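Here are a few friendly notes to read alongside the structure. Keep the 3D view open and look up each residue as you go.

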Amino acid sequence: MGRAFKLEDTRNIGIMAHIDAGKTTSTERILFYTGVTYKIGSVDEGTATMDWMEQERERGITITSAATTASWTRFDKKYRVNIIDTPGHVDFTVEVERSLRVLDGAVCVFDSVAGVQPQSETVWRQADKYRVPRICFVNKMDRMGADFDHVVRTIRARLGAHPVPLQFPLGREDNFIGIIDFLEQKVIVWLEETLGAKFEEFPVERLWDKAFVDSRPDVAAALKGSAIDKAFYEEHRNKVVEYVAEHDDEMIDKYLTEGTLSLEEMRKSIRKSTLALKIVPVLAGSAFKNKGIQPLLDAVIDFLPSPVDVPPLEGTNPNTEEVELRRASDDAPFSALAFKIMSDPFVGHVTYIRVYSGVLKSGSYVYNSGKGTRERISRLLQMHANKREEIDTVYAGDICACVGLKSVNTGDTLCDENKPVVLESIDFPAPVISVAIEPKTKADQDKLGVAMQRLAQEDPTFRVSTEPDTGQTLISGMGELHLEIIVDRMLREYNVQANVGRPQVAYRETIRKKATAEGKYIKQTGGRGQYGHCKIELHPIPSSSHENMKEMSSDELDALAKEVVGGPAGKWKFDKEHRFLFIDKIIGGAIPREFIAPIEAGIREALDNGILAGFTMVDVAVVLIDGSYHDVDSSEMAFKIAGSMAFKEACHKASAVLLEPIMKVEVVVPEEYMAAVYGDLNARRSAIQGSENRSGSNVIRAEVPLAQMFGYATDLRSRTQGRANFTMHFSHYAEAPNSIAQDIIDKAKGRSTRG
C-alpha cells in the first residue's frame with residue numbers, strides 16, 4: 001500500500017499565538033470540520049481534544065504541543081493537513097520552538113481586541129528564525145471592542161511584517177455574521193452558530209442592493225453603522241491587488257499595463273510571496289462561534305507550503321564533515337529529526353519525528369548519527385493528540401511517533417546507516433528560575449530520580465542540578481508555572497511526594513574588559529609528576545552580538561572571532577548555550593595538539609561555576625596564546641587544571657559582573673488604577689517602555705527584573721480589585737545594580753561558608 005496523499009498535497013502546519021487568543025479552540029473547529037472529531041471540544045468545559053493532559057484541562061491552557069492529522073477537500077481534491085497545536089504561555093515556549101523547527105507553515109492567531117501581544121511577538125520571532133511562512137487569523141471578531149484594522153496595524157508596526165487583508169469582517173461584536181472576500185469578490189455569511197457548517201455565499205454587489213439588504217435583517221444589522229459601502233469595498237480591494245502585485249516582479253508589469261489581475265493570478269502570486277516571506281495573508285473569524293474556519297482551511301491549502309515547496313534541508317555527513325542536502329522525496333535516503341519525547345503510560349517511550357526524506361517501515365532499524373547508535377523501531381503511530389493509530393510506513397513529509405527508541409533525545413537525527421547525515425539540531429533557551437526540591441520520604445527518593453530523568457528527557461528547558469555547597473537538588477525551568485506543572489506531574493504520573501523551596505533566579509556572570517593570565521599546574525611527588533602550563537587572553541564579546549550569536553553562520557562567527565582578537569583568528573569553536581568562543585592561536589607546537597582540548601574542558605568547567613556567586617558565565621571569548629609542556633610529566637589532567645586556573649585568574653582581572661534576567665511585562669489595567677500600578681512597577685525597579693489605550697483599558701509595557709516579579713499576580717489583583725491582568729516573558733540579561741549584585745554575592749558566599 002503506497003502513499004495515501006501525494007507529497008505536494010501535504011501541509012505541515014502549526015497553530016501559534018499569545019495565551020488565550022484562541023489557538024486550541026481554532027484547532028478544535030478544524031478537527032470538527034475536517035471530520036476528525038464528531039463533537040466540538042471546548043477549552044472552558046475541559047473537553048478539548050488537543051488539551052488532553054489533566055493539568056491542561058484543569059487550568060484551561062495548553063502546556064504541551066499536540067499533533068494530529070486531518071484531511072481537507074479543496075477544488076475537488078483531498079489534502080492531508082498535519083497540525084501541531086502549540087502553547088501560548090511563555091513558560092512553555094520550548095514547545096513552540098521545537099514545533100516550528102519541523103513545520104513548513106504556521107497559522108498565527110490574534111485576539112481581535114488585543115492585537116499583537118508579548119507572546120505573539122516571541123512566537124513570530126521564532127517563526128522568523130526558522131523562516132516559516134505564515135498566515136494570520138484575527139479571531140474573536142464577536143468580542144466587545146473587536147477591531148480588525150487595529151490588529152492589522154499592530155502586525156505591521158510591532159512585528160515588522162507586511163500583512164495583506166484578504167478578507168474584511170462583515171459586522172463586528174454581536175453583529176459579526178461573516179466576511180467579505182476581497183480575492184473572490186464574494187460575501188460568506190454563517191447561518192448557524194451552533195455548528196457553523198451551514199454558510200451562504202453571494203456576490204459582494206448584493207451588499208449595495210437595497211432590496212436584498214432590506215430582506216436580510218442579519219446583513220442590515222451588520223452593515224448598520226459601518227463604513228462598508230461600494231466605494232469602501234473598491235478602495236480596499238484595489239489596495240489588496242496593488243499590494244500583492246508590488247511584491248511580485250512578474251505581476252507588477254501586468255498590473256501596471258492592464259490595471260487588474262485575474263483570480264488565479266492573484267492566488268498564485270499570494271502563494272509565491274507568502275512562501276518567500278514577503279507578505280502575510282490576514283483572515284478574520286470567530287472560532288468559538290464557528291465562523292471563518294472553512295476559509296482558513298482553504299487559505300492553508302492555497303498559501304502555505306507543501307514539503308516540496310521548502311528548500312532541501314542542509315545536513316553534515318558525520319564521516320566526511322561535508323555539507324549534504326536532503327530533498328523531500330521518497331526516493332532520497334531516509335532522514336528524520338526527533339523533535340519531541342514523551343513517556344506514554346500505555347506504550348512507554350514515544351519519540352515524535354518529522355521525516356524529511358525517504359521512507360521508514362515499522363520494525364526496521366534507524367541510525368542515530370549524532371550518537372553513532374543503531375536502534376529498532378518496534379511500532380509507528382499516527383497521533384491524534386493522545387490517541388494513536390498504528391501504521392506500517394511513514395513517508396517523506398510525514399509527522400509520526402515511534403515506539404522502541406531508547407537513547408534518542410530531542411534534536412537527534414535519525415537516518416539511513418549507509419547514508420549518514422546530521423541535521424541542524426534545535427536550540428533551546430536556558431532556564432531562568434530554579435527551586436530546591438527534596439523527597440518527603442526515603443521511598444520517594446529513588447522515584448524522584450527516575451521522574452526527574454524522564455521529565456528532563458521530555459523537556460529540554462527543564463534541568464536538574466545539585467548545589468555544590470549544600471548538596472540540595474535544584475530543578476530549573478522557564479517560570480513559576482513551568483516548575484509548578486513539573487512538580488504536579490511528578491505527583492500524578494510518578495507518585496512522588498516532594499517538598500519544594502522558594503523560587504530562585506538564574507543569574508549569569510560575565511566580564512567587562514580584556515585580561516591576560518596564565519595557569520601553571522606543577523606537582524612533584526614520588527615517581528611521575530604533573531605539569532601543565534597555558535597562557536590565555538580573556539575578551540568580552542561585543543554586546544551587539546549577544547542576542548543573535550545563536551543564529552550566526554560560520555562566516556559571521558569567523559568575522560566575530562577576528563573582531564575579538566583584532567586580526568586572524570586561528571582555529572575557533574563556539575558554544576551556543578554559553579555564547580562562548582574558544583580561539584586557539586598556538587603556533588610552533590608550544591602546546592601539543594592533544595592538550596588543547598583538555599585546556600578548553602578546564603575553561604568550560606570554570607565557566608559553568610562562575611567566579612562571583614557560582615552562576616554560569618556567558619558572552620566571553622578565550623584566546624589560547626601560549627604555554628609550555630614537559631615531555632614526561634605533562635598530562636591531560638594537568639592541562640585541564642591549568643586551563644581552569646588561568647580562566648579564573650583572568651576573570652578576577654577582567655571586571656566580572658553579575659547579570660540578571662529582565663522580563664517584558666504588559667499590564668492591562670482600567671484607567672482608575674493606573675497610578676497604583678505605575679507606582680508598584682517603579683518600586684520593582686522597572687523601566688516603563690510606554691502605554692496605550694486599548695478598547696477602554698490601558699496597556700502598560702515595562703521591562704522588570706525577574707527577581708522583582710515573584711508574587712506580582714497577587715499584588716496586582718489586590719491593588720486593582722481583581723480587574724487588571726498581566727503577561728510576562730523573558731527579554732534579555734542585563735547588569736544587576738551594584739547593591740543588588742553584592743547582596744547576591746554575599747548570600748552565595750554565606751552558603752559556601754556554611755557548606
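Predicted model: local features only at pLDDT ≥ 70, side-chain atom pairs only at ≥ 80, totals over all residues.

1. A search of the whole structure turns up 13 aromatic pairs. A pair of aromatic rings is described by the distance of the centres and the angle of the planes.

2. Start with Phe-202 and Phe-212. Their ring centres are 4.9 Å apart and their planes meet at 65°, so this pair is edge-to-face; the cut-off for that label is an angle over 60 degrees. Phe-202 sits in strand 10 (residues 199-203) and Phe-212 in helix 6 (residues 210-215), so the pair ties together parts that are 10 residues apart in sequence. Phe-202 and Phe-212 are both buried.

3. Next, find Tyr-712 and Phe-726, an edge-to-face pair with 4.9 Å from centre to centre and 80° between the planes. Tyr-712 belongs to helix 18 (residues 712-719) and Phe-726 to strand 39 (residues 725-735), so this pair ties together parts that are 14 residues apart in sequence.

4. Phe-726 has 25% relative accessibility, so it counts as partly exposed. The reasoning is simple: buried means under 20%, exposed means over 50%, and partly exposed is in between.

5. Rings can also join into groups: Phe-148, Phe-168 and Phe-232 are linked into a cluster by ring pairs. Two arginines are worth a look as well. Arg-134 lies over the face of Trp-124, 4.6 Å from the ring centre, and Arg-374 lies over the face of Tyr-365, 4.1 Å from the ring centre.

6. In what order do its five strands run? The order is 31-32-35-34-33, in an open sheet with mixed pairing. Strand 31 (515-523) and strand 33 (571-575) are the edge strands, each pairing on one side only. From one strand to the next, the twist averages 20°.

7. Strands of a sheet pair through backbone hydrogen bonds, either parallel or antiparallel. Strand 31 and strand 32 (residues 530-540) take the antiparallel sense, over nine bridges. For Gly-519, the bridge partner in strand 32 is Cys-534.

8. Finally, look for helix 14 (residues 554-565), which packs on the sheet. Helix 14 touches strand 32, strand 33, strand 34 (580-584) and strand 35 (620-628). The direction of helix 14 makes about 110° with that of strand 33.

Notes
Residues numbered from 1 in each chain as written. Heavy atoms only, no water. Phe/Tyr/Trp six-rings, centres within 6.5 Å; stacked < 30°, edge-to-face > 60°. Helix = DSSP H or I, 4+ residues; strand = E, 2+ residues; numbered from the N terminus. Buried < 20%, exposed > 50% of the residue type's maximum accessible area, 1.4 Å probe, protein only. Lys NZ or Arg CZ within 6 Å of the ring centre and 35° of its normal. Pairing = 2+ DSSP bridges. Axes fitted to C-alpha atoms, helices over the stretch in contact; angles between N-to-C directions. Contact = heavy atoms within 4.5 Å.
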